[in-house]
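Please look at the sequence and the 3D structure shown below before reading on. The briefing that follows takes up the sheet, the helices and a few loop residues in turn.

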Amino acid sequence: MASPREILEYVETHTDLDVIAITDHDSLRGAWETRELWAQGSYRFQVVMGMEVTALEGHLLALFIEEPLPSLRPAEEIIAAIHRQGGLCIVPHPFSWLTRSLGRRALERLLASGREGVYLDGLETANASPGAKPGQRPARELNQRRYHLAEVGGSDAHFLAAIGSAYTLFPGRTAEELRQAILERRTRGVNGRHPTLWELGLGQVLRQSWRGLTVTPRTVGLWPTARSFMKRLFPWAPM
């Protein structure tokens, strides 16, 4: 709900973040535009290119990528494509039934895959947005007990005021140090305060909700999106 320039100015003046990642749904355009504007300015923080990719099983976060990734494909295919670019794959808002997320069965299948390039680099254990809350506690507990992935936090911010409402602590200040910390599993996700509905404004929230529901059909097409939902519900059926 904000332009790249507005995001850069807000992060500079209203947060103490050292690194931000722009991860639009199924598109790299916003990340490209933001990085280009950032390069023209003199900001104290760094920008990571990213994308929130819609896999058949749920959303995946691709960080440190330079080229668009295929959407509405099996998660294994997308994860392998992320790693071919040298990117990192993070599981956002796991186990949430309020948004399109990886469930426990899908997550554990991916962890046990063994296919070349199919592995996960991190798990989002902090996300202050309402849609992420249902799965956070079980994801955090399972990760500490079984998965042992890097724990990260992200604001999943669709509004300026939500930027920084959850974040990743890591040793260092730069994007490269963040990348290395994720690889070495020396990160920690932290939840802060998410703005209330009244602070954001009801009209703004309703507009964003509509945009969120229609972003994947707008980006990759209505029929492929509908077919992907059918495939998710009936994985055994031919499409």
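**Briefing on the sheet, its helices and nearby loops**

Strand S4 (residues 88-91) and S5 pair in the parallel sense over 2 bridges, where strands (E, at least two residues) and helices (H or I, at least four residues) are DSSP runs, numbered from the N terminus, and two strands pair if DSSP finds at least two bridges between them. This is a predicted model, in which local features need pLDDT of at least 70 and side-chain atom pairs count only at pLDDT 80 or more, while totals for chains, interfaces and linings use all residues. Residues are numbered from 1 along each chain as its sequence is written, and side-chain values use heavy atoms, with hydrogens and water left out.

**Strand S4 and its partners**

- On the S5 side, Ile90 stands opposite Gly122, and Val91 stands opposite Leu123.
- With strand S3 (residues 59-63), S4 pairs in the antiparallel sense over 3 bridges, and here Leu61 stands opposite Ile90.
- In general, strands of a sheet pair through backbone hydrogen bonds, either parallel or antiparallel.
- Leu88 and Ile90 point one way from S4, whereas Cys89 and Val91 point the other way, and all are buried (buried means under 20% relative accessible area, exposed over 50%, and partly exposed in between, with a 1.4 Å probe and protein chains only).
- In a regular strand, the side chains alternate between the two faces of the sheet.

**The whole sheet**

- The sheet is open and is formed by 6 strands in the order S1-S2-S3-S4-S5-S6, with mixed pairing.
- Its edge strands are strand S1 (19-22) and strand S6 (150-153), each of which pairs on one side only.
- On average, neighbouring strands of this sheet are turned by 35° against each other, direction ignored.

**Helices on the sheet and against each other**

- H5 lies across S5 and S6 and runs at about 135° to S5 (axes are lines fitted to C-alpha atoms, for helices over the stretch in contact, and angles run from 0 to 180 degrees between N-to-C directions).
- Helix H4 (residues 104-111) and H5 pack at an angle of about 25°, with their axes 13 Å apart.
- H4 and H5 are therefore roughly parallel to each other, a term that covers angles under 35 degrees, while those over 145 count as roughly antiparallel, 65 to 115 as roughly perpendicular and the rest as oblique.
- The contact (heavy atoms within 4.5 Å) is made by Arg104, Leu107, Glu108 and Leu111 of H4 together with Leu142, Arg146 and Tyr147 of H5.

**Loop residues**

- His93 is found in the loop between S4 and H4, and its phi is near 35°, a positive value in a residue other than glycine.
- Because its relative accessibility is 3%, His93 counts as buried.
- Phe95 has its place in the loop between S4 and H4, with a phi near 65°, again a positive value in a residue other than glycine, and at 18% relative accessibility Phe95 counts as buried.
- For comparison, most residues other than glycine have a negative phi.
- Ala132 is found in the loop between strand S5 (122-126) and helix H5 (133-147), and at 1% relative accessibility Ala132 counts as buried.
- Leaving aside its neighbours within four places in sequence, Ala132 is in contact with His93, Ser96 and Asn127, and the C-alpha atoms of Ala132 and Leu98, which are 34 residues apart along the chain, are separated by 7.3 Å.
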